[in-house]
Amino acid sequence: MSGSNDGDVILELKAITKAYSGIVALKKADLKLRRGAVNVLVGENGAGKSTMMRIIAGVERPTLGEIWMDGARIHLDSPADAVRHGIGIVFQELNLFGNLSVAENIFATREITRGIRGIDHKAQVEKANEFLNRLEAGIAADTLAEDLPIGQQQLVEIARAVSLDTRILIMDEPTSALSAAEVDVLFRVIADLKARGVAIVYISHRLEELMRIGDYVTVLKDGQITGHAMVKDIDTRWIVRSMIGSDAKDFAKEVDHEMGEEVFRTQDICLPRAQGGYAVDHVSLGVRKGEILGIYGLMGAGRSELFECIMGRHEHSTGKVFVGGEALKGRDTTKRIREGLALIPEDRQREGLVQSMSIADNLSMASLGQFLRAGFHIDLKREKTAILETIRNLSIKAKNPELDVTSMSGGNQQKVVIGKALMTGPKVLLMDEPSRGIDVGAKADVFRTMRQLAGEGLAILFSTSDLEEVMALSDRIAVMSNGKLVTVVDRKDATEEMIVSASAAGHKTKRMHA
Amino acid sequence: MTTATQTAAGNSLSTGAALLTLMKLRTFIALFAVIIFFSIFAPNFLSTANMILMSKHATQNAFLAIGMTFVIITGGIDLSVGSIVGLCGMIAGGLIMYGVALPFGYTVYFNVFEVAVIVMAAGIVIGAVNGLLITRLNVAPFIATLGTLYVARGMALLYSDGQTLPHLTGREDLGNQGFSYLGSGTILGLPVSVWILIVVALGAAYFARFVPLGRHIFAVGGNERASRMSGIRVNRVKMFVYMFSGFCAAIVGLVISSELMASHPATGTNLELNAIAAAVLGGTSMSGGRGTIGGTIIGAFVIGILSDGLVMMGVSSFWQMVIKGLVIIVAVVVDQAQRRLQQRVTLMQMAKAG
């Protein structure tokens with residue numbers, strides 16, 4: 001990483017650590033931002049890029065570490081602090097007020113006023129148009145923000161950040177919603193800002209874009225800086241290597257085991273959508289004992305909804321579910337769990353864990369009925385034995401099961417949710433995006449656990465939008481698109497192209513999966 | 001430089017942990033503080049007679065606070081308990097004085113035990129109404145129980161046209177004497193109501209730890225969606241807590257009217273606020289998921305001793321209200337501070353570890 005020390009540093013992060021409950025998002029990360037340059041930040045999802053930017057923008061405060069600007073230590077305790085220091089940010093999610101005009105959005109919190117006679121709307125619109133014209137956006141400043149298409153809303157965000165006269169401008173995936181022409185304009189604006197000495201922080205997944213526009217590149221992986229260099233010295237291969245690391249992805253597909261007879265089958269599962277059509281459209285599929293069936297699909301393909309129908313979460317769903325050849329009679333989640341189904345929900349924090357309870361209580365909450373004496377008294381000893389056994393079987397790192405569940409890392413929290421489901425003694429395990437929000441090491445661990453459970457004879461259905469994951473982990477692959485089950489193939493016969501094209505089948509406008 | 005900051009961080013970590021323990025014991029500390037304070041400044045505070053009187057007062061708050069604790073742990077609130085106390089007192093009085101007039105000219109009188117059972121059932125029914133409003137009709141707990149607060153109080157007033165039902169001694173020929181036992185009887189020197197409190201409190205604490213439904217109360221309050229996904233019947237849990245709260249209120253209604261040997265329709269006004277205060281003082285989190293029966297009982301006694309002690313010191317009742325309010329606010333502020341500190345300590349530990 002030669003030559004990375006020259007340049008005119010404006011902002012420096014020193015050994016920044018940021019811990020959230022359950023996950024350490026940044027681990028002693030250092031970052032130098034240089035004036036008049038595009039500082040590129042890359043990394044996988046969950047590597048900590050957004051967290052780092054939120055710290056610079058004053059939205060989050062670091063748990064440990066220091067921030068230095070122009071050689072003096074500063075504290076960024078609120079977004080207003082950051083603005084005062086000349087830091088502007090264009091967030092990944094749009095942060096516009098839909099009910100206000102474009103001009104009002106651009107000048108929110110620093111309205112142009114005419115003394116006590118209130119806001120000078122005319123002047124605001126004029127100045128806003130100036131900024132928008134510089135972006136060649138073709139947007140009239142007096143239109144309502146919500147009336148604009150997403151791409152143009154993004155441009156408004158950028159115009160707002162530019163209008164702040166910032167010294168540091170952070171752009172978190174600014175091109176994700178822009179057309180190619182709009183991207184060209186954006187890059188011209190960036191070049192212009194650069195010439196005026198603004199330090200730009202640019203975050204993106206599109207490597208070719210980074211190579212085109214970047215001056216310095218910093219790579220983040222699992223909350224740590226794994227590479228820092230000048231863009232002219234490196235190539236995309238170097239970036240990928242730093243991003244993923246040498247230990248690539250370990251999906252642990254080891255032993256092949258015998259699969260038994262079919263234990264699970266759905267028949268014509270349907271879920272009507274409120275605005276007409278079906279969110280889940282006549283889905284019928286079967287899973288054998290010891291088999292892992294991966295359901296691949298894009299966002300909104302109906303994977304989560306299918307799982308929810310199977311678990312009896314939707315009153316309006318139709319169709320039959322069979323476990324071990326018997327049609328299930330129970331309509332609600334409680335009965336479905338008793339009949340041998342279990343679901344690991346996609347959103348661990350909202351649907352998986354009870355954050356106020358201990359690790360042990362979270363593990364046993366769904367299966368307390370198994371430890372009863374005289375029909376109502378929980379045998380604490382038996383409960384504890386079962387909890388410890390689950391912790392051991394899943395190798396959950398919990399020194400003391402009485403601690404709060406939020407004191408664990410994301411991967412271990414996920415294992416607690418899995419353990420809770422397993423303690424109900426299911427025959428079929430449904431896992432909705434089991435690798436979401438956990439780091440690479442924990443992912444491999446969760447996948448190993450899935451393999452092990454399948455080996456023990458559990459039938460597993462899991463859903464994912466990660467192509468690599470579905471290819472490596474499944475025995476058979478089902479592809480869903482727009483609520484329909486498009487195809488089910490053996491992994492041996494599956495190719496990535498085939499799956500991608502199948503997943504786009506149900507969509508009128510084909511969307512590329514990034 | 002680095003080592004210096006590290007040791008500094010280490011020190012702040014251990015002082016933080018010490019402060020945390022202190023904060024966790026705050027209800028205990030508060031209880032001892034009020035006892036010591038009043039035994040120095042209030043004459044006769046430590047006399048047996050006064051102790052028994054105070055425990056009777058605190059007991060009334062404690063019953064309501066136990067029911068309230070479960071409700072608050074599920075993330076709800078029950079504002080109707082004070083009114084249920086009043087209505088149940090009136091029902092008890094009415095049953096003893098007038099019995100139930102049947103349409104064909106007969107009047108049925110119940111003995112005291114039967115009266116108690118009927119009154120408790122009435123409390124449970126009102127609680128069930130609260131529960132149904134909240135679970136089936138999706139009314140927010142605050143609004144639903146505010147509604148039953150007015151309805152129950154209004155019914156209590158309608159029952160006797162606002163008059164007190166006096167002299168609930170019963171008549172020998174009807175076999176319904178002995179109502180006073182509940183409020184003024186003693187067993188081994190302790191008032192009967194205190195014994196009942198001990199039974200109910202132990203029962204509730206057992207229930208919260210050893211019975212699945214009790215454990216589920218905490219899960220529902222901590223994360224309702226996750227509870228539902230885990231197969232917990234959330235509506236059943238909520239029905240239970242409001243019915244139990246109604247049951248506790250009915251006991252208080254019985255105890256108060258037995259103590260006075262009269263039923264007044266305005267009995268129990270504002271008691272719901274004492275119950276909420278006791279629960280909060282005892283460490284129950286208003287956002288749900290956290291709380292203990294033991295803490296709540298201590299909280300109820302702190303509030304009871306505080307108000308009785310201030311009376312004994314001759315503090316004006318206006319000042320009493322100010323002091324009580326301040327104590328509650330301080331309790332919640334300390335509670336929040338504890339939670340923040342707890343979070344910081346865990347995060348610091350995590351940041352250091354990994």
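**Note on the predicted two-chain model**

1. Asn482(A) sits in the loop between strand S21 (476–481) and strand S22 (484–490) of chain A. Is Asn482(A) buried or exposed? Asn482(A) is buried, because 20 other C-beta atoms lie within 10 Å and the cut-off for burial is 20 or more. Its phi is near 50 degrees, a positive value in a residue other than glycine. Most residues other than glycine have a negative phi.

2. Asp161(B) also deserves a look at the backbone. Its phi is positive, about 60 degrees, although Asp161(B) is not a glycine. The residue is in the loop between helix H6 (141–159) and helix H7 (181–184) of chain B. Asp161(B) counts as exposed, since 7 other C-beta atoms lie within 10 Å and the limit for exposed is 12 or fewer.

3. Overall make-up of chain A. It has 17 helices and 22 strands. Its radius of gyration is 26 Å; a compact globule of 514 residues would have one near 24 Å, so the two agree. Along the principal axes, the C-alpha atoms fill a box of roughly 75 × 50 × 50 Å. Buried residues make up 46% of the 514. Of the contacts in chain A with a separation of 6 or more, 69% join residues 24 or more positions apart.

4. Domains of chain A. The assignment gives domain 1 (9–244) and domain 2 (257–340 + 426–514). Domain 2 is thus written as two segments, because its assigned bounds are 257–340 and 426–514. The C-alpha centres of domain 1 and domain 2 of chain A are 38 Å apart.

5. Confidence in chain A. The mean pLDDT is 83, and 91% of the residues reach 70 or more. Which helix has the lowest confidence, and which element the highest? The lowest is in helix H8 (residues 236–244) of chain A, at a mean of 75; the highest is in helix H12 (residues 359–364) of chain A, at 94. Over residues 1–5 of chain A the pLDDT is below 50, and this stretch has eight contacts beyond near neighbours in sequence. Residues 508–514 of chain A are also below 50, with six such contacts. Where pLDDT is low, the predicted coordinates should not be read in detail.

6. Overall make-up of chain B. The secondary structure comes to 14 helices and four strands. The radius of gyration is 23 Å, close to the 20 Å that the globule rule gives for 354 residues, so chain B is as compact as a globular protein of that length. The C-alpha trace spans about 95 × 55 × 35 Å along its principal axes. Of the 354 residues, 45% count as buried. Residues 24 or more positions apart account for 78% of the contacts in chain B with a separation of 6 or more.

7. The contact between the chains. Chain B gives 24 residues and chain A gives 28 residues. On the side of chain B, the elements that give two or more residues are helix H9 (212–222), helix H10 (224–229) and helix H14 (317–353). How do the residues on that side divide by type? Eleven are nonpolar, eight polar and five charged.

8. Nonpolar cores. The largest core has 162 residues; Leu430(A), Ile460(A), Leu64(B), Cys88(B) and Ala250(B) touch the most other members. Helix H11 (residues 234–260) of chain B gives this core its largest share, 15 residues. Leaving aside neighbours within four places in sequence, Leu64(B) is in contact with Val81(B), Cys248(B), Ala249(B), Val252(B), Leu271(B) and Ala275(B). Another core, of 70 residues, lies apart from the largest one and includes Met52(A), Ile56(A), Ile139(A) and Ile225(A).

9. Asp379(A). This residue is in the loop between strand S18 (377–378) and helix H13 (380–393) of chain A. Asp379(A) is partly exposed, with 15 other C-beta atoms within 10 Å. Beyond its neighbours within four places in sequence, Asp379(A) is in contact with Phe371(A) and Arg373(A). Asp379(A) and Lys49(A) are 330 residues apart in sequence, and their C-alpha atoms are 47 Å apart.

10. Ala180(A). This residue lies in helix H6 (residues 180–195) of chain A. Ala180(A) is exposed, with 7 other C-beta atoms within 10 Å. Ala180(A) and Gly118(A) are 62 residues apart along the chain, and 40 Å separates their C-alpha atoms.

Terms used: Residues numbered from 1 in each chain as written. Chains lettered and ligands numbered in written order. Predicted model: local features only at pLDDT ≥ 70, side-chain atom pairs only at ≥ 80, totals over all residues. Rg over C-alpha atoms; globule rule 2.2 N^0.38 Å. Contact = placed C-beta atoms within 7 Å. pLDDT = per-residue confidence, 0-100. Nonpolar A, V, L, I, M, F, W, Y, C, P; charged D, E, K, R; others polar. Core = buried A, V, L, I, M, F, W, Y, C linked by C-beta atoms within 7 Å.
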